[in-house]
Amino acid sequence: MATSNIVVPGPVQSTSVNALPCTVKHDGPANVSSGFEVEKVGDSTTFNAHFRGRNLEGERVVLPEGSEGVLLVPGQLGQDGEALRQYEVRGSFNEVVVWMHDRAQAFDDPARRAVEWIDIADALHN
């Protein structure tokens, strides 16, 4: 069975994560604050923004206590040009802002369900 290796090159910096409902053909850091202005709506868990002329509504989804998300990037290619199953940790996070087009996040949204599954899996296995 193939295995994957995760490499931690040094201290891991905390980062913010935004899950957008579109594809952005860019890998790597982005100066988000220069072109993606976010305003809080009411409480500190909902947001409003515009991206490429489209209205977005966002909601902060906090990972369960004791959980941590990591930002992984693919590692180097092997000598024969084949991709290795190796990933490098580039950052960590404990919350994600999930954005939807013109509507708030739904109860059955995949991102929300994935975070809820962490608690369910923990209850099943402990």
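Figure 1. Strand 8 (95–101) gives the most to the lining of the second largest pocket, namely 4 residues. Strands (E, at least two residues) and helices (H or I, at least four) are DSSP runs, numbered from the N terminus. The model is predicted: local features need pLDDT of at least 70, side-chain atom pairs count only at pLDDT 80 or more, and totals for chains, interfaces and linings use all residues. Residues are numbered from 1 along each chain as its sequence is written, and side-chain values use heavy atoms, with hydrogens and water left out. Strand 2 also supplies at least two residues of this lining. The second largest pocket holds about 180 Å³ of space and is lined by 14 residues, of which Ser16, Val17, Asn18, Glu95 and Val97 lie nearest its centre. A pocket is an open set of points, on a 1 Å grid over the protein atoms alone, where a 1.4 Å probe fits, with protein on both sides within 12 Å along at least five of seven lines; lining residues have an atom within 4 Å of a point. Its volume is the space filled by probe spheres set on the points, which are joined across faces, edges and corners.

**Figure 2. The largest pocket.** About 1,000 Å³ of space lies in the largest pocket. Among its 27 lining residues, His26, Gly28, Pro29, Ala30 and Val32 lie nearest the centre. Strand 6 gives the most to this lining, with 5 residues; strand 2 (17–19), helix 1 (32–35), strand 6 (69–74) and strand 7 each supply at least two. By class, the lining has 16 nonpolar, 8 polar and 3 charged residues. Here Ala, Val, Leu, Ile, Met, Phe, Trp, Tyr, Cys and Pro count as nonpolar, Asp, Glu, Lys and Arg as charged, and the others, Gly among them, as polar.

**Figure 3. Tyr87 and a nonpolar surface patch.** Ile6, Val8, Val12, Val70, Leu72 and Tyr87 make a nonpolar surface patch of about 480 Å². Areas come from the Shrake-Rupley method with a 1.4 Å probe. Tyr87 belongs to strand 7 (residues 86–93). Tyr87 counts as partly exposed because its relative accessibility is 31%, partly exposed lying between buried (under 20%) and exposed (over 50%).

**Figure 4. Gly75 and Ile6.** Gly75 is placed in the loop between strand 6 and strand 7. The C-alpha atoms of Gly75 and Ile6 are separated by 8.9 Å, although these residues are 69 residues apart along the chain.

Conventions. Patch = residues over 30% accessible without salt bridge, like charges linked within 9 Å, V, L, I, M, F, W, Y side chains within 5 Å. Salt bridge = Lys/Arg side-chain N within 4 Å of Asp/Glu carboxyl O. Buried < 20%, exposed > 50% of the residue type's maximum accessible area, 1.4 Å probe, protein only.
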